[in-house]
Structures are given as C-alpha cells and as structure tokens.
Amino acid sequence: MPIRQMKEGSEQHRVIKPTLQNPMNPVQKNPKNPQNGKGPPVQEPQTIKPHSQTTSPPSRNRGRRRGRGGRKSDQAESLMPPTTRPCTVVSKPVPVPDSAAAFAGELQNGSMVKFPSSSKALSFAPRPGYGQLGTKCVVKANHFFAELPDKDLIQYDVTITPEVTSRNMNRAIMAELVKVYKESDLGMRLPAYDGRKSLYTAGELPFVWKEFEIKLVDEEDGSNAPRRVREYKVVIKFVARANLHHLGQFLAGRRADAPQEALQILDIVLRELSSKRYCPVGRSFFSPNIRKPQRLGEGLESWCGFYQSIRPTQMGLSLNIDMASAAFIEALPVIEFVAQLLGKDVLSRPLSDSDRVKIKKALRGVKVEVTHRGNVRRKYRVSGLTSQPTRELVFPVDDNATMKSVVEYFQEMYGFTIQHTHLPCLQVGNQRKANYLPMEACKIVEGQRYTKRLNEKQITALLKVTCQRPRDRENDILQTVQHNAYDQDPYAKEFGIKISEKLASVEARVLPAPWLKYHENGKEKDCLPQVGQWNMVNKKMINGMTVSRWACINFSRSVQENVARGFCNELAQMCQVSGMEFNPEPVIPIYAARPEQVEKALKHVYHASMNKLKGKELELLLVILPDNNGSLYGDLKRICETDLGLLSQCCLTKHVFKISKQYLANVSLKINVKMGGRNTVLLDAISCRIPLVSDIPTIIFGADVTHPENGEDSSPSIAAVVASQDWPEVTKYAGLVCAQAHRQELIQDLYKTWQDPVRGTVSGGMIRDLLVSFRKATGQKPLRIIFYRDGVSEGQFYQVLLYELDAIRKACASLEPNYQPPVTFIVVQKRHHTRLFANNHRDRSSTDKSGNILPGTVVDTKICHPTEFDFYLCSHAGIQGTSRPAHYHVLWDENNFTADGIQSLTNNLCYTYARCTRSVSVVPPAYYAHLAAFRARFYMEPDLQDNSSAGGNNKSSTRGAGEAGVKPLPALKENVKRVMFYC
C-alpha cells in the first residue's frame with residue numbers, strides 16, 4: 001500500500017541538522033505562563049545550551065552503567081516528518097567510523113552494559129525525592145495503620161502423616177491439636193497456621209521438636225453405624241526466628257530489601273480468624289452473610305466479601321482492605337441447578353446431547369451432598385455424567401458380576417424411589433469405580449467459587465453488584481474493619497498487632513491537564529481539557545488523513561442497503577468535518593453478505609475493488625456487523641490484518657440505526673489513526689518543552705502479556721509491544737504481537753537470534769524491529785528509551801526486569817556496536833486494591849461528577865513504598881463506580897527522572913489516547929499494548945469444530961501447550977503493522 005501523504009499543517013517543514021544533548025542534563029525550564037484557561041502558554045522553541053562535562057555523575061542504581069558519556073552526533077542531514085517543529089539541541093559532532101551499521105546516523109559514545117546476571121546484584125531505582133507540582137489536597141486511602149508488634153515471631157515446620165492435600169482438613173487437624181495441647185505442651189501459645197507446612201508463634205514453644213498424635217472423629221451422620229475415627233501424626237519442628245528489627249529498619253527507609261518472611265507471618269496471623277469465619281479465596285474472604293447474594297443466572301450467584309493484605313509503606317505497616325465480589329455456585333438441589341443452567345423445564349422432557357454436554361461441563365469438579373439418607377450428608381465430587389438415562393443404568397453388586405439396576409438399588413437400600421428416571425445420573429468419585437447418584441438425590445454444597453468463564457449477562461449482573469459509588473464503598477470498607485474487630489481478634493492480640501480503624505489521610509496533588517494542539521484550520525486551534533474531558537466541536541485533527549478508496553460490507557440482515565448507504569454518508573461527512581478528506585463514494589456498491597461466509601465475502605470485495613482500481617490499494621473497509629455476532633468480528637479482523645492487508649472499521653447494527661454525532665466523531669478518530677494520522681498532540685511536545693523527551697530523540701514503548709482465561713489449560717499467552725513512531729510528538733504507536741508458552745509472563749520475542757544458512761546468525765525480535773521502524777519514520781535514532789510494562793505482579797518484578805532489560809540491551813547492541821541508549825523501565829499496575837477517596841464527599845470542588853477524586857490526582861507519600869520509586873496516579877474522570885488509580889513503579893531509571901518529571905509525563909500522555917476525547921486511566925502505550933494483545937487472540941486459527949465461519953479453512957490449531965508446542969501467530973501485513981490497527 002502506498003504511504004499516504006499527511007495533509008500538511010500551516011507550519012514550515014525544513015531540513016534540520018540533528019544535534020544532540022547529553023541526556024543526563026535537565027531541560028531548562030521555560031518561564032511560567034499563567035494558565036487561566038483563556039489561552040495556551042506561549043510557544044517558544046527551547047534551545048538547550050551545550051554542557052561542558054563529557055561524563056554524567058555516577059548513577060544511583062547498583063549494577064548500572066557508570067559514567068555515561070554525552071551523546072555525540074555526526075552532522076548528517078535528515079528530513080524530519082511533516083508537522084514536526086524541530087527541537088533544537090546542541091552537542092559536539094564526532095566522525096562516524098566506517099564500520100558503523102546502516103542503522104546509525106549518529107554514533108553514541110559508550111561501552112556495553114554489563115547487566116547483573118542474578119537478582120541479588122540488582123536493586124530497584126530509589127525514590128529521587130517527592131513530587132511538588134500541582135494543587136495540594138488531602139485524600140483518604142483504604143489503608144489502615146498497623147502497629148509493629150514487639151514480640152518475637154517464630155516459624156515452625158509442620159509434617160502431617162498420612163499426608164493430607166486439603167487445606168481445610170489440615171486446619172481441622174491443627175485446630176484439634178491446639179484444643180487438646182494448648183495448655184499442656186504448647187505453653188499457652190495460640191499459633192497461626194498457613195494450612196500447609198508452616199506454623200507461627202509469638203515467642204518460642206517449650207520444645208524444638210515434638211510429635212503429637214491427633215484423633216479426628218467423623219461428624220454424627222444420623223445412622224447407627226459407629227463413627228469413623230481418623231488418626232494422624234503431627235511433627236512440629238523449629239525452623240527460624242523472623243527478624244522484626246530488619247522489618248523496622250526497612251519501614252524506616254534505612255534498608256532497601258523487604259524482609260518477606262516477617263511480612264508473610266503478619267499476613268497469616270491477621271488472616272487466621274477470617275479463614276475460620278469466611279470462605280477464603282486467594283487474598284479475599286467471601287460470605288453469603290456480608291450482603292444478600294444476588295442471582296447471576298444459570299445457577300450462579302454473587303457473594304460479597306473483602307480483600308485483605310498487609311503492606312510495607314512509608315507510614316509503616318499498613319493493612320489494605322477493599323470490597324470484593326465473586327461468582328459462586330448456588331447451593332441448589334442439582335435438578336433445580338440444571339433447570340436454571342439450561343433455562344427450561346427438565347422434568348418432563350428428555351435431554352438433548354448438547355444439554356448433556358453443557359451439564360457435564362458445568363458440574364465437573366463440583367462438590368455435591370446426598371439428600372436421600374436423612375441426616376447422612378456424605379459429600380462427593382462430580383467427575384462426569386452418564387450417557388444413558390437412570391432407568392437404563394445397571395452395575396455389578398458382587399464379585400460374581402450380578403447386575404442390579406440403579407433404580408432397584410436405591411429402592412431396596414434406602415427406600416428411595418427415583419422419580420425422574422429419564423435424567424442421567426451423576427458420576428462421582430474416580431472413573432475406574434463408577435459411582436452413580438441420581439440428580440434428584442443430590443444438592444450442591446455451599447461455598448464453591450465458580451472459576452470458569454462467565455457469559456455476558458453474568459458479567460453485567462456481577463458488575464452491577466461490584467459497582468459502588470465512592471462514598472458507599474468507603475462506608476462498606478469502614479464497616480468491614482469494624483465488623484472484623486481486629487482489637488478483639490485473639491490472634492492479633494496474641495501477636496501484639498494493633499490495627500487502626502481509620503482510613504489513612506494522605507497528602508496528594510492534582511496535576512494540571514496539558515494543552516492539546518489541533519489543526520490551524522479549525523476554529524479552536526488548541527484546547528485545555530476540563531476535568532479529564534473535551535470534545536471535537538470546532539476542532540480539526542492535527543494530521544487528518546485522506547481516504548479516497550474505500551468499500552463497505554454489510555453482514556447485518558436487518559440493515560437495508562439504503563440505510564447502510566445513509567450511514568456511510570453520515571460517517572464520511574463526520575470524517576470531513578473532523579479534518580480528514582473522505583471520498584463520499586465507495587469503490588464498489590455496498591456488498592451484503594451472510595456472516596457464515598465471512599472469508600468468501602471479504603475476498604470478493606477485496607478482488608472486486610482491486611479490479612476496479614487497476615492495481616491501486618483499497619485503503620479502508622467499513623463493516624456493518626449484527627449486534628450479536630459471535631466469532632464474526634474476530635474472524636474478520638484475522639483475515640483482514642494477516643491475510644489481505646486491509647484496514648477495517650466495524651460498526652454494530654444498533655449504531656447504524658441510531659446515528660449519534662458522538663458515536664460518529666469517535667469512529668472518525670479511530671479511522672484517522674488506522675490510516676496513519678494523528679488526532680491531537682501535546683502542545684508541549686511540538687514546542688519542545690517535555691523534560692527528558694523533547695531534548696533528544698526518545699522512543700516510548702508499551703508492553704503487555706495477556707493470558708488465556710481460567711479453564712483453558714493449553715492456549716498460548718499473547719505478548720504485544722508497541723512503540724512511538726514520531727518524535728517529538730510521541731503520539732503514533734506501531735504494534736507487534738507474538739504467541740508464547742501458556743501463562744509465560746516474560747516476553748520471549750523482545751530479542752531473538754536464529755541461524756540462516758546464507759546470512760549466518762540473524763538478529764530480530766520486537767524491540768529491534770520497532771527501533772528500526774522509528775528510525776525509518778523519523779530519520780533519527782532513539783537516544784532514550786522509556787518502557788512502560790503492564791501486567792506484572794510484585795512477585796515477578798525481578799525476573800521481568802532482569803530478562804526484559806537484558807533483551808532491550810541486546811536488541812540495541814545488535815543494531816550498532818556500543819549503541820546503548822539509557823533506559824527507564826516502569827511497571828504499570830491496575831490489578832491492585834488501593835482506592836483513593838475525597839477527604840470531604842460534600843465538597844463538589846474536590847470531586848468529579850461521579851463523586852470520585854479529580855483526574856490528575858497523584859500520591860507518592862505515606863501509602864507508597866518506603867524506599868522505591870513508585871506513585872499512584874488517577875489520570876481519568878470516573879464514569880460510574882469508584883475510580884481505581886494506576887500504580888506506577890519505576891524499577892530502573894538511567895535517565896534520572898525527577899518525581900515531577902515522570903509523574904507529569906505519564907499524566908500528560910494519558911490525554912493523547914487516540915480513541916476518545918477523555919484522559920484515560922492507564923498510560924496509552926500500555927493501553928495500546930493491551931489492545932494489540934487482545935486483538936491478536938483472534939489471529940489464532942479457530943478450533944476445527946467451531947470453525948463454521950472460517951470458510952472451510954483446514955489449517956491445524958494454534959493452541960499448543962509448552963514452549964515447543966506454540967504455533968506462531970500469522971504475520972501482520974506490512975501496511976497494517978506500521979499504523980494503529982488495534983484501535
């Protein structure tokens with residue numbers, strides 16, 4: 001596809017000499033402009049003075065590269081892309097040696113970085129100070145101060161024989177041990193137990209090693225048979241003493257390494273009582289008594305609960321408490337559950353094969369209890385469903401293979417007459433010795449969490465339950481803390497832990513919104529967002545693209561041709577109004593097609609258009625989809641982006657009938673970036689005023705890995721990396737995707753080498769490819785890397801940083817000897833449980849319309865890490881529910897960002913998200929990486945059995961387990977790769 005020309009802005013385009021500055025030098029601050037909302041700050045291109053030093057001061061991180069020299073540049077001329085107002089920077093030129101790779105236009109002076117090979121040699125970036133920018137305010141956080149105990153914490157190893165796999169059973173055994181031996185052998189200690197191998201006490205037990213014999217008697221079951229007695233041997237052995245002095249030093253900021261054992265013990269102690277009272281799931285506790293369960297449909301209900309975790313913070317130890325909801329299987333009689341699952345009466349009609357499959361899938365692994373034996377409530381785990389109805393089932397009752405029917409057996413043994421003999425039986429226990437239970441004699445055991453995928457209706461119903469206004473959520477959290485009564489908790493008392501009942505008050509700042517630049521031809525040439533939002537009225541996209549050659553496919557039976565034509569006209573007009581050039585006439589008439597013939601239809605339209613255009617490329621495909629389109633959307637994107645090289649924009653039927661200006665405006669924003677345009681840019685970017693971005697060519701990466709849903713145990717994980725392709729605007733991001741081993745978090749394809757029979761060792765990988773495409777797009781080599789990494793949990797920080805920073809280094813070095821631009825590596829987390837609330841909910845000036853804290857609210861004190869460089873940023877305005885701030889953790893920083901520098905850069909970038917005129921909750925490069933990874937899941941070949949819409953494609957399945965079994969994704973076409981196709 002030919003590269004489309006951007007419509008030129010009014011500014012001059014000129015050839016400039018890229019001269020560069022030492023990246024360690026701070027950008028000189030512009031004189032402050034009064035931002036009173038009447039106009040943007042005065043644009044003055046900034047000239048940075050040469051710096052006399054050739055080496056930077058020693059870096060702060062251990063294991064970092066020392067004495068990084070000033071960036072040196074040759075004076076080769078390069079053409080900047082249109083709309084770029086050159087950022088003037090100064091440095092001394094040096095000649096380029098002949099051996100320099102073609103990639104290099106400038107030589108960087110520096111040596112190869114030796115990165116630590118183990119996490120012991122690595123420490124994360126320390127906090128460089130606290131941010132000062134913005135309007136100061138106070139917010140409340142759902143963190144409760146926990147006083148550090150002054151008692152010794154001792155760990156003991158527990159061995160139970162015969163071995164027990166169930167945590168609940170282990171707990172029952174240890175509870176009996178404490179009940180029997182607390183006063184005699186345990187020296188009056190009340191230990192906390194993790195349900196597995198570890199026992200903890202406050203102070204030593206009177207022994208170092210001891211064996212106990214425990215007898216557990218089965219509950220009374222109503223029969224006259226003697227109750228079964230189980231005997232266990234329990235050995236308790238001293239392991240270690242936790243170092244509370246170390247924890248105190250760490251919390252005070254005098255030590256950088258967290259004493260994980262001590263924190264783990266305190267966490268287990270504070271969870272002990274809740275584990276007995278509620279149903280524990282991960283770090284959360286659920287109960288049907290906290291709030292009335294709500295039905296989610298198909299036999300599921302939502303249980304309310306709370307999340308609890310002890311965290312080291314600047315204010316000391318803090319207990320983080322948040323509200324939680326989860327789907328549980330309703331404790332119904334199995335027949336009632338099946339009726340709800342299938343949504344029909346199952347008592348009068350036989351089940352179809354598909355019904356049977358659905359029931360088997362839903363009940364496999366679920367615990368049931370029998371109801372036909374009076375008080376005897378034996379529990380079983382369902383392993384399957386019989387293929388015959390109950391009336392046909394027979395089984396051997398003795399060694400002589402005497403057969404008896406299930407109906408007869410239940411009648412003779414229990415006097416229980418099976419009513420619904422047309423239904424299958426549940427198979428319980430192991431598959432070798434089949435145990436049959438009639439459905440009507442079983443009830444689902446209470447308290448089983450549903451871990452499989454929820455359908456759309458269930459997700460909507462669950463969200464309704466979890467979506468709480470900030471004030472309500474805050475009150476529920478406070479009530480939970482009061483109800484848990486930690487001051488009365490015998491375990492907290494035993495270990496000397498005191499928990500505050502007040503939410504932590506935290507100093508925060510509201511960062512100002514950035515000015516946004518639009519095209520000079522619009523009535524409004526720039527814009528200052530108000531409370532995280534703005535609109536396109538009177539504005540034109542800063543780089544509106546031209547769409548001359550487009551077609552439309554209509555897959556919706558209810559949309560007539562004239563309606564589709566009317567919609568396309570309206571959309572073309574909106575694109576024109578927004579600053580694009582859009583031909584009102586399609587290349588061929590709108591083509592109506594059936595969803596099951598997606599591949600055939602797409603190829604027909606593609607070839608018909610190509611024939612009409614005589615070799616010119618089709619630029620855009622508009623697609624009208626039914627509202628419920630199953631796999632159609634995914635199949636369409638896969639075929640367009642990996643087979644035909646077509647950029648497409650899908651629109652649902654409901655939007656075609658109800659044409660809203662807002663909807664059309666949002667679609668036009670998406671079309672423009674898919675065509676390679678820009679909607680808006682930061683005013684500070686084009687006037688070169690962004691510290692540590694504007695001074696030298698800077699590339700910003702976003703990376704994410706999405707994993708398959710629970711229950712899918714072999715599908716690959718998908719990694720995506722995007723990178724900015726324009727400087728100094730940093731607004732356009734190209735994206736690459738790859739499949740990797742199931743649930744592998746480290747991105748495998750960041751850098752890779754392979755052997756080519758002709759070229760020998762060849763280097764490649766996503767980082768390398770994106771660095772090269774940045775060079776092609778801007779004519780400059782990136783001299784600074786900022787890497788936002790999404791989706792990493794705290795436990796994986798070390799391994800992700802070690803592996804991925806090393807891959808970035810290798811990718812750079814493979815392009816040119818000694819090419820090592822400084823890297824800042826930031827982890828972005830949304831899956832945490834910190835919530836920030838307005839200090840006074842009645843003060844409307846301190847909240848947005850939804851009652852949430854204002855966009856731009858940043859916190860880097862008190863509830864943040866004692867020594868490391870992290871902050872919470874709520875960059876978006878709430879719509880419904882309670883806003884969740886993003887948590888940013890700077891793990892590595894060779895660019896020496898100040899707290900204000902990285903916080904304001906991150907906040908400002910949140911206003912450049914291409915798909916809407918709102919600031920978003922996560923920095924756009926990370927958001928785009930997530931979108932690209934999500935899109936790539938559609939690129940995996942559908943499994944053959946549900947391949948109804950892929951036009952008889954018989955390629956093998958992509959899903960494979962393990963590293964070797966991962967089939968690579970089909971490659972993106974070149975023209976798709978270089979634009980924001982995932983938007």
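**Entry 1: Lys661 and Glu570**

I started with lysine 661 in this predicted model and found a salt bridge to glutamate 570, with the closest N and O atoms 4.0 Å apart. Lysine 661 sits in helix 14 (residues 661-674) and glutamate 570 in helix 10 (residues 561-577), so the pair ties together parts that are 91 residues apart in sequence. Next I asked how accessible each partner is. Lysine 661 is exposed, at 57% relative accessible area, while glutamate 570 is partly exposed at 29%.

**Entry 2: Glu641 and Arg935**

Then I looked up glutamate 641, whose side chain meets that of arginine 935 in a salt bridge at 2.6 Å, N to O. Are the two partners buried or exposed? I found both glutamate 641 and arginine 935 buried.

**Entry 3: Glu794 and Arg311**

My next stop was glutamate 794, which forms a salt bridge with arginine 311; their closest N and O atoms are 2.6 Å apart. Glutamate 794 is in the loop between strand 38 (784-790) and helix 17 (797-815), and arginine 311 is in strand 13 (residues 300-313), so this pair links parts 483 residues apart in sequence. I noted glutamate 794 as partly exposed, with 43% relative accessibility.

**Entry 4: the salt-bridge tally**

How many salt bridges are there in total? I have 44 in my notes. I also jotted down a network of salt bridges linking Asp152, Glu204 and Arg241.

I turned to the nonpolar side chains, which in soluble globular proteins tend to be buried together. The largest nonpolar core here has 99 residues, and the ones with the most contacts inside it are Ile671, Tyr788, Tyr888, Leu905, Tyr928 and Tyr982. Apart from that core I found another, of 57 residues, with Val158, Leu177, Tyr200 and Tyr486 among them.

Leaving aside residues up to four places away in sequence, tyrosine 928 touches Val722, Tyr733, Thr912, Tyr913, Ala914, Met980, Tyr982 and Cys983.

**Entry 5: confidence check**

Last, I went through the pLDDT values. The protein's mean is 86, and 84% of its residues reach 70 or more. Residues 1-38 fall below 50, and I see 108 contacts for this stretch in the model beyond near neighbours in sequence. Residues 944-963 also stay under 50, with 47 contacts beyond four places in sequence.

Note on methods. Residues numbered from 1 in each chain as written. Predicted model: local features only at pLDDT ≥ 70, side-chain atom pairs only at ≥ 80, totals over all residues. Heavy atoms only, no water. Helix = DSSP H or I, 4+ residues; strand = E, 2+ residues; numbered from the N terminus. Buried < 20%, exposed > 50% of the residue type's maximum accessible area, 1.4 Å probe, protein only. Core = buried A, V, L, I, M, F, W, Y, C linked by side-chain atoms within 4.5 Å. Contact = heavy atoms within 4.5 Å. pLDDT = per-residue confidence, 0-100.
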